[in-house]
Amino acid sequence: GCALESITDYTLVECMRGGEVLLGLKKRGLGVGKWNGFGGKVEVGESAYEGAKRELREECGLEAEDLEWRAMLLFTFRDSGKLMRVHVFVADKFKGEPVETDEMRPMWFHKSEIPYADMWADDLYWLPKLLAGDKFMAWFDYMPGGEHTNKVVDSLLVD
Ligand SMILES: Nc1nc(SCCc2ccccc2)c2[nH]cnc2n1
């Protein structure tokens, strides 16, 4: 096995409105060409909560009133030895309309029409749980070929 070099904290915000979820088409960087929630690295000196609000604002201009923490996703990448710890929040109160930026092209999708074929492969395993209102932790282990095995998806009984 390879030693895991380092852990990096990221955020991911799923904005919900009347049965729809706001996704953005990533225009550059990690996950380019995939639809995803809004997020990025947690910066030194900020909390995951503050980082989530900042990334949402930077990536589509939405100002979330309050975010609810709902999941923690661990991604291990065997080829690089990197470990991503992603803090997932849901927002259903926000000001403004989403706008396209050079990072993301935002679009509302009905919960029954999520474009999983154009998203990270693991999203199929955990996004439905999030949309169902669950709180959970999950670990996805990515092999060099890009395949992943879902090691653990564990519902949390926290409130
Ligand atoms: N949905 C989803 N998101 C990510 S990274 C999310 C955090 C991030 C990182 C960098 C830029 C923007 C957002 C994933 N990684 C592996 N599977 C994944 N699924």
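Predicted model: local features only at pLDDT ≥ 70, side-chain atom pairs only at ≥ 80, totals over all residues.

## Finding our way

Where is the place of Asp 122? Asp 122 belongs to the loop between strand E9 (104–110) and H2. Helices (H or I, at least four residues) and strands (E, at least two) are DSSP runs, numbered from the N terminus.

Residues are numbered from 1 along each chain as its sequence is written.

## Around the ligand

Which residues come nearest to the ligand? Of the 15 residues around the ligand, they are Asn 36, Gly 39, Trp 120, Asp 122 and Asp 123. Here a residue is near a molecule if one of its heavy atoms lies within 4 Å of it. By class, the shell holds eight nonpolar, four polar and three charged residues. Ala, Val, Leu, Ile, Met, Phe, Trp, Tyr, Cys and Pro count as nonpolar, Asp, Glu, Lys and Arg as charged, and the others, Gly among them, as polar.

Strand E1 (6–17), strand E4 (38–41) and helix H2 (123–131) each give at least two residues to this shell. The largest share, three residues, comes from E1.

Look next at the nitrogen atoms of the ligand. One lies 3.0 Å from a polar side-chain atom of Asn 36. For Asp 122, a polar side-chain atom is 2.6 Å from a ligand nitrogen atom, and for Asp 123 an N or O atom in the side chain is 2.9 Å from a nitrogen atom of the ligand. Taken alone the ligand exposes 450 Å², and the protein buries 95% of that. Such accessible areas come from the Shrake-Rupley method with a 1.4 Å probe; for residues, only the protein chains shown count as cover.

Is Asp 122 buried or exposed? Asp 122 is buried, because its relative accessible area is 1%; buried means under 20%, exposed over 50%, and partly exposed in between (1.4 Å probe, protein chains only). Its C-alpha atom is 16 Å from that of Arg 78, 44 residues apart along the chain.

In H2 itself, Asp 123, Trp 126, Leu 127, Lys 129, Leu 130 and Leu 131 are buried. An α-helix has 3.6 residues a turn, so residues three or four places apart point the same way. Tyr 125 is also found in helix H2, and it is partly exposed, with a relative accessible area of 41%. The C-alpha atoms of Tyr 125 and Phe 140, 15 residues apart along the chain, are separated by 9.8 Å. Just after H2, Gly 133 takes a positive phi of about 95°.

## Two other stops

Met 84 lies in strand E7 (residues 82–91) and is buried, with a relative accessible area of 12%. From Met 84 to Asp 66 there are 18 residues in sequence and 24 Å in space, C-alpha to C-alpha.

Our last stop is Arg 54, found in helix H1 (residues 48–60). Arg 54 is buried, with a relative accessible area of 11%.

Key:
Heavy atoms only, no water. Polar contact = N/O pair within 3.5 Å; in protein donor to acceptor, adjacent residues only side chain to side chain.
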